[in-house]
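Please look over the sequence and the model shown here. The paragraphs after them go through a few selected sites.

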4 protein chains.
Amino acid sequence: MTKVMIVYFSKTGNTAKLAEAIAVGASEAGAEVVVKPVSAAKPTEMLDYDVVIAGSPTYYGHSAGVLRTFFDESVSIHGRLNGKIGGAFATSAYKSGGNETTILDILHAFMIHGMVVKGQHSKDHYGPTSINTPNEPDIKDAKKYGAMLVNLAERLSNV
Amino acid sequence: MTKVMIVYFSKTGNTAKLAEAIAVGASEAGAEVVVKPVSAAKPTEMLDYDVVIAGSPTYYGHSAGVLRTFFDESVSIHGRLNGKIGGAFATSAYKSGGNETTILDILHAFMIHGMVVKGQHSKDHYGPTSINTPNEPDIKDAKKYGAMLVNLAERLSNV
Amino acid sequence: MTKVMIVYFSKTGNTAKLAEAIAVGASEAGAEVVVKPVSAAKPTEMLDYDVVIAGSPTYYGHSAGVLRTFFDESVSIHGRLNGKIGGAFATSAYKSGGNETTILDILHAFMIHGMVVKGQHSKDHYGPTSINTPNEPDIKDAKKYGAMLVNLAERLSNV
Amino acid sequence: MTKVMIVYFSKTGNTAKLAEAIAVGASEAGAEVVVKPVSAAKPTEMLDYDVVIAGSPTYYGHSAGVLRTFFDESVSIHGRLNGKIGGAFATSAYKSGGNETTILDILHAFMIHGMVVKGQHSKDHYGPTSINTPNEPDIKDAKKYGAMLVNLAERLSNV
């Protein structure tokens, strides 16, 4: 069974809603899913999962400092996440308010850990986003993204 | 009088509409403005302007090849654009469909020419965008962006 | 047998050298490898390969216009590359001269096609690079990158 | 007299060395310069300066969490930095180890504050970097960058 960890920072609850939607999608695709705010997560926990998906509101074009600090501290397990799958999601206040640069900075962190990342050929290409509160299409897309990464994990682990 | 060159690629007309709106804003702010499709522009023409603003639809996360080729060829005037002002705009088909990475790749080109770039503390932070056809707020924001860069040029030239 | 296509643009021969090294690594890892300059490649050819790796010199912070045009034209097969593996490499004239932004723009294109991308937990994290002519460590790293992507392809195809 | 604030995070001392070199260059160009580690700086202090230059080691492709937190907290003065000048510098362990994405994330923060940014047409285009300890050319380039931003500030303030 594919194990998925979703870690996020959320102040207004918008990013938490996307996290929940991704979790529903991953769960419906057959995975065991844990969702937790970054304040309750330790970087070493990532070792126990096949897929790690991280999300943040967009703060000045990038993920929140508290999420970056989580990645900074993940240096203690550098090299041991190699080959796992990473995903990202973000929320912002404007249509071109930094969502893409935020998602990409999270994916960069996963890539530097040697992790596997996948885009989407429709909708939000780099990962799920919302402008302010996620609407119905945002929630639907987030579910699909969760399921997509679980399917990728199954292909990678030769299930 | 500040001289502004707006160069763009547009297939559907959406990017051309944003170009026109930026031109209106720049013109209303007192500048002399030339707007032309990249097919009718030569990189050396940039030498004659104080501000160069480039726009493109988002093709696979970045500006169209034809606009990149325009920048590739600008190597013939490398160093001579140093200190001029650059701006960028983009259109895409989705809310997180690559608009930001497209705008940023244009701004990178200007920065590598030693040019000056400015963000916006509200709305589309890196430069004007639209999702498909520009709507009224998009047009309004594009006008403001054009005016903002003209004002910056005036401050820089000690007018 | 994993099939790998390496497509590149090279003016000085530096990027071609990295392309050859990646090809050697992929071949030694057991793949069938085709290496071709972008002028001799058609986007539809990507359909025949499990792994596509693209490289370019850094021109104003991004890949050459001719390579971007290749990606622009790949819209004709949009959706059909979903799930394949993509990789990227770049050369530049300076240590922080745009290599990273160049590699990332290629990876963005692959991600927008729904392709799978993988970073490296040591050395050049986003993909192989060189500053001017590739030196011995650059060649060695490029070989490893080619082999790494072939191994990933084998895991994905449940060989 | 142009006032410059240099704020940085440094664990090994490499980033601190670049900070000092930029300060020397800015000072020699006639500015009043303050250099301080981010732990001793408050975001509101940026209000008192014409130029703010921020630097960080590259942690997983981006600036350290502690520096991002500094920017997160700068939301309290959002809009009030509009028109000031921003600059960035970074250090990393590898030649393509994330220096560019780190510098760019800092510049994005300044752009989202509406600040003015300038590239360099030679050497490290987006801002000064070093791979591990800064060498002599790195120090020289950092000094030039500091002086360049002071000169830009003087042009902008119509001195």
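Predicted model: local features only at pLDDT ≥ 70, side-chain atom pairs only at ≥ 80, totals over all residues.

Residues are numbered from 1 along each chain as its sequence is written, chains are lettered from A and ligands numbered from 1 in the order in which they are written, and side-chain values use heavy atoms, with hydrogens and water left out.

Helix α2 of chain D spans residues 65–73, and its buried residues are D:Gly65, D:Leu67, D:Arg68, D:Phe70, D:Phe71 and D:Asp72. Buried means under 20% relative accessible area, exposed over 50%, and partly exposed in between (1.4 Å probe, protein chains only). Helices (H or I, at least four residues) and strands (E, at least two) are DSSP runs, numbered from the N terminus. The buried residues of α2(D) pack against β1 (3–8), β3 (51–57) and α3 (99–112) of chain D, and also against α2 (65–73) of chain A.

In chain C, strand β3 (residues 51–57) holds C:Gly55. C:Gly55 counts as buried because its relative accessibility is 0%. Leaving aside neighbours within four places in sequence, C:Gly55 has contacts (heavy atoms within 4.5 Å) with residues including C:Tyr8, C:Leu67, C:Phe89 and C:Ile106.

B:Ser92 belongs to strand β4 (residues 85–92) of chain B. With 7% relative accessibility, B:Ser92 is therefore counted as buried. Beyond four places in sequence, B:Ser92 touches B:Thr58, B:Gly97, B:Asn99, B:Ser130, B:Ile131 and B:Asn132.
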